[in-house]
Amino acid sequence: MRPGVHIGGELRLLPLMLVGLLLVQGCRKEREPEPEAPTPALPTPPAGDGVYFDATLAPYQTLSAYRFFTGALKDQAPNSGVLPYEPITSLFSDYAKKKRFVWMPPGAKAYYAGDHQVLDFPDGAVLIKTFYYDHVLPNDERRIIETRLLFKRNGSWYFADYVWNTDQTEAYLDLNGSNTPVTWVDQSGEQRNILYRIPSAAECQTCHKVNFDPIPIGPKPQNLNSDMTYQDGVRNQLEKWVEMGYLQSGYPANIMTTVRWDDATQPLDLRVRSYLDMNCAHCHADERHCNYRPMRFAYNESEDLVNLGVCVPPDDPIAPEYTEIVARGNPGRSMMHYRLTSTDETVRMPLLGRTIAHDEGAEMIREWISSLPGTCP
Amino acid sequence: MRSTLLSLSLVALTYEAYSQNTCATALNVGLGVHAVDAVNGTEPLPVSCATNGNPGTLAEWYTYTATVDTTIRLNTDVAGTIWVDTRVHIYTGTCGSLNCLAGDDDSGSNLTSLVTFPVTAGQTYTIGFDNRWTTAGFSFELAYVQPAPPPPPPPPSIISFTNVTQGVSGSGYCVVDMNNDQLDDIVGTSTSNVNILYQQANGTFQSVNIITTPADHTASWSIAAGDIDGNGYNDLLYGGGSGSTFMMANNTGTGFTEVSFPNYIFSQRTNMVDINNDGHLDAFVCHDVDANVAFFNDGNGNLTFNQGLLGLTCGNYGSIWTDYDNDGDIDMFVAKCGCDPVDLLMRNNGDGTFTNVAPELGMADSHQSWSSAWGDFDNDGDMDVLIGASSSGYHKLLENNGDGTFTNITAGSGIDLFTGQSIEWTTHDFDNNGYLDILGGGGLLMNMGDMTFVPNGTFPGNGPIGDLNNDGFLDVYTSGTIRRNVGNDNNWLKIATVGVVSNSNGIGARITVETPSGTFTREVRSGDGFRYMSTMTAHFGLGEETEITAVTVRWPSGIVDVIEGVDVNTTEVIVEGVSTGLAAQRDEQVQLFPVPAQDILTVSGLGSGQVPVRVLDATGRLVLRGNLLNERLDVSGLTPGAYVLQVFTPNGTTQRSFTKE
């Protein structure tokens with residue numbers, strides 16, 4: 001059996017493959033199932049109040065069992081050793097807000113592997129990412145939807161996803177995937193409605209993989225070489241990781257670093273390349289899900305405009321009016337702009353992780369295409 | 001340099017500085033060159049007469065009044081001006097009631113527009129330009145079209161198409177017979193809607209919009225059709241991005257109810273096929289990011305989710321079911337792409353298991369393909385294949401050697417010279433010369449009869465394929481437009497299959513048409529290419545052949561029917577197990593008595609002999625399957641209640657309701 005089939009056997013991929021009887025009558029699925037508390041919730045954490053993570057027992061049935069957070073779970077106050085981090089440019093996920101944390105076992109640390117490579121994490125490392133919305137109606141309050149984990153055991157990464165209950169007091173392991181409606185008021189005061197997609201294990205794997213093996217995407221030096229505000233002050237994230245003992249010192253001083261996509265003081269081309277790296281390069285790169293199309297969107301590959309699709313005709317004539325992936329000076333004829341603004345699930349890009357368009361990101365891409373001088377032959 | 005020329009030449013142009021910003025203030029122009037300063041008129045065009053979407057938000061308005069009956073050419077590629085990405089629309093009528101006459105987006109060089117349209121002396125035509133692509137100014141030229149010499153007659157193997165506007169709501173298109181009248185209908189689907197355009201005997205369509213229960217998943221990636229529950233009406237299978245939904249037709253084909261499963265499936269190609277050959281139609285779904293999915297049907301309304309029987313790794317894009325080894329059971333090929341691009345050929349072991357034989361047959365290569373076209377290209381009685389590229393840059397044409405092996409004959413076939421790529425690859429005989437052509441890569445590749453292929457001058461587009469005017473020539477439905485096959489003098493035959501022991505569509509049946517000039521083979525399939533659902537009526541081009549020796553149907557059940565006396569240029573319904581034939585009877589003659597029935601139901605109007613029938617209960621469940629014997633059916637085993645009797649004759653299916661005491 002190939003490794004891609006049974007990544008995280010515990011993570012319910014194999015059970016999915018078992019034959020399950022479902023009747024034609026009466027098998028309608030609920031749109032928004034309330035997560036049920038599994039019984040018993042194993043394992044029982046030992047006494048104490050530090051993080052409790054045993055890679056051989058993970059994933060646990062509940063998020064609270066790890067004790068990554070202190071106080072009320074929904075406050076997401078990190079426990080000792082749980083360090084917040086933030087990539088310079090983040091993936092667009094239907095305007096969901098995100099909190100990210102890293103934890104490593106005592107004495108374990110990651111190593112630099114290249115500016116554009118994910119850090120070489122130790123066994124037992126856990127990456128924690130919580131997705132939430134503010135100003136959720138009807139009560140204009142925060143709603144935490146899910147908390148995703150990536151953890152490393154015996155050299156391999158594994159997925160877990162915890163879906164929060166309505167009371168926001170607990171989140172339960174669920175890798176089957178589901179939808180949940182969210183209505184919130186956005187920054188401009190507009191009411192937005194979406195059917196938020198909580199991914200299944202197979203959906204996690206689609207983006208988070210190299211060949212058949214699960215991997216993290218964000219924690220690369222190019223994305224972390226920036227200042228962040230910690231409880232004890234502002235620090236460069238990589239330096240903070242070293243201080244925490246989470247990163248071996250001695251990494252290069254001059255890291256080729258991305259920029260914030262929405263930082264208008266930065267050159268437009270770097271903002272665009274940073275945006276395309278974080279939103280597109282997890283598929284459009286060698287050994288990734290969509291390696292067979294010609295674009296290469298990783299930050300270290302996109303200085304070459306051909307890799308961005310400039311004046312490159314699309315492989316497939318799905319919509320002949322879009323004559324180039326990027327048509328110089330002409331966003332209206334550019335497949336990239338068309339796909340970034342589409343919500344048709346067979347057209348939109350990225351294919352997974354969004355159901356609505358990122359208006360501001362697409363607008364930046366439109367500006368950039370308009371600014372490219374000349375025309376395509 | 002061109003812009004310099006522009007400023008110089010502007011002096012010589014007729015420059016109108018008037019406002020042409022609304023229909024009412026349209027500028028009447030004559031022949032010659034006219035400059036448009038910018039597309040900034042505030043009244044948008046009422047409707048787009050050109051390709052590529054809505055009519056824009058701004059427009060420039062002109063009119064032209066013809067002085068003679070002729071044809072006018074309008075082009076925006078005017079010598080001495082820069083190229084501008086224009087779009088033009090020509091209307092008849094008056095402001096407020098304009099009707100499309102012609103239009104064009106990109107037929108000129110470098111995205112300029114070029115259109116010709118007929119005019120009648122004294123009539124005024126409205127010309128509109130929109131801002132679909134740009135508001136930049138440009139120039140256009142109106143001129144008489146010089147009479148062209150008549151075009152040379154096309155070679156007989158080359159086929160052409162005309163456009164017939166025919167909208168259907170939704171997407172997820174099918175061209176398939178939905179009401180058992182042997183005429184292909186057009187189906188469009190959306191979350192709560194199935195829009196069926198029923199083809200009428202006179203070639204028009206009757207649109208029926210059916211509100212359904214809301215589908216959890218729409219047919220965004222693909223659609224398949226087939227009669228899963230055996231009630232005589234095709235059900236639909238929607239392949240969505242996070243799951244699959246069955247849309248089950250009721251017992252009169254007038255309503256649909258959705259059935260969805262909670263399992264995550266990144267659906268790609270969907271098919272309906274009797275995978276385990278138990279007589280009940282199953283379903284198959286390619287999974288992009290995980291092991292493939294099958295839904296097994298126990299014949300009592302229960303579908304069972306299965307994952308892992310038919311391909312374990314991700315990257316499954318285009319499945320097609322075909323009996324490649326001529327052993328009577330159905331096998332499956334999956335064109336794969338992306339995360340695990342190594343194609344699969346799953347050989348049916350005949351015992352409900354499948355073995356991937358792609359490695360030993362030379363098909364396990366990392367070809368980046370989304371679909372493959374399987375058909376008997378050389379009319380030697382076995383299924384050959386073209387595995388068409390989506391992005392890997394090369395196609396593979398494999399000839400079936402008849403012994404379960406294949407030979408790569410791409411070199412020299414013409415396929416090696418064809419560089420077009422696409423996600424859709426299908427094979428049908430478009431010019432009815434008896435040889436299967438290939439639609440894919442943005443082209444129509446005509447089979448020249450010697451395993452060479454030549455691109456046709458016209459590409460009808462991608463979409464479901466069927467006969468949408470019942471002329472025996474295959475048409476293509478693209479969004480909003482029938483690409484109608486103009487046809488030629490070649491003869492043809494269409495066969496609609498009705499399974500009795502086998503699944504009721506006869507999916508998986510192998511049909512052989514024997515003639516003095518050759519033998520032609522087809523399979524009944526649900527789901528070919530990548531996305532669409534094409535007709536399940538088997539179509540045979542016969543060239544100049546006027547005689548059919550015999551039609552043989554080998555059913556999935558193993559039953560073989562041999563029918564003689566079939567005429568060319570007809571549509572024949574072949575019911576499983578009735579090869580002795582029955583005198584054709586008109587449906588209205590079928591009468592039931594006594595009603596309510598007791599132990600024996602008499603069905604009059606069909607004459608003596610055996611006629612296959614089925615009885616469904618009030619919930620559509622199949623409760624009896626058998627034969628009328630000399631017009632009598634034993635219904636003593638049925639509990640009292642309301643039933644529907646289906647009678648299968650060569651004319652099609654007749655339904656009558658009755659009650660049992």
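**Strands 36 and 37, chain B.** I began with strand 36 (residues 475-478) and strand 37 (residues 481-485) of chain B, which pair in the antiparallel sense over 3 bridges. I looked up one bridge here: Thr478(B) has Thr481(B) in strand 37 as its partner. All of this is read from a predicted model.

I then asked which sheet of chain B holds these strands. I found an open sheet of 4 strands with antiparallel pairing, in the order 10-37-36-35. Its edge strands are strand 10 (161-165) and strand 35 (465-466) of chain B, each of which pairs on one side only.

**Chain B as a whole.** I noted 1 helix and 51 strands for chain B. The C-alpha trace spans about 95 × 60 × 55 Å along its principal axes. I find 53% of the 661 residues of chain B counted as buried. I also looked at contacts between residues at least 6 apart in sequence: in chain B, 56% of them join residues at least 24 apart.

**Nonpolar cores.** Which residues have the most contacts inside the largest nonpolar core? I list Trp103(A), Ile223(B), Met272(B) and Ala294(B), in a core of 188 residues. Strand 8 (residues 156-164) of chain A gives the most to this core, with 7 residues. Apart from it I found another core, of 29 residues, including Leu276(A), Cys283(A), Tyr299(A) and Tyr322(A).

I went back to Trp103(A) for its neighbours. Leaving out residues up to four places away in sequence, Trp103(A) touches Val51(A), Phe53(A), Phe68(A), Gly81(A), Val82(A), Val126(A) and Ile128(A).

**Helix 4, chain A.** Helix 4 (residues 237-244) of chain A has Gln237(A), Leu238(A), Lys240(A) and Trp241(A) as its buried residues. They lie on the same side of helix 4 of chain A, because they cover an arc of only 160 degrees around the axis. I checked what these buried residues pack against: strand 4 (83-85), helix 3 (221-224), strand 14 (227-230) and strand 15 (233-236) of chain A. Just after helix 4, Gly245(A) takes a positive phi of about 85 degrees.

**Confidence, chain A.** I noted a mean pLDDT of 89 for chain A, with 88% of its residues at 70 or more. Over residues 1-41 of chain A, pLDDT stays under 50, and the model has 76 contacts beyond four places in sequence for this stretch. Where pLDDT is low, the predicted coordinates should not be read in detail.

Note on methods
Residues are numbered from 1 along each chain as its sequence is written. Chains are lettered from A and ligands numbered from 1 in the order in which they are written. This is a predicted model: local features need pLDDT of at least 70, side-chain atom pairs count only at pLDDT 80 or more; totals for chains, interfaces and linings use all residues. pLDDT is the predictor's confidence in each residue, from 0 to 100. Two residues are in contact if their C-beta atoms, placed from the backbone, lie within 7 Å. Two strands pair if DSSP finds at least two bridges between them. Helices (H or I, at least four residues) and strands (E, at least two) are DSSP runs, numbered from the N terminus. A residue is buried if 20 or more other C-beta atoms lie within 10 Å of its own, exposed if 12 or fewer, and partly exposed in between; C-beta atoms are placed from the backbone. A nonpolar core is a set of buried Ala, Val, Leu, Ile, Met, Phe, Trp, Tyr and Cys residues joined through C-beta atoms within 7 Å. The arc is that of the directions from the helix axis to the C-beta atoms.
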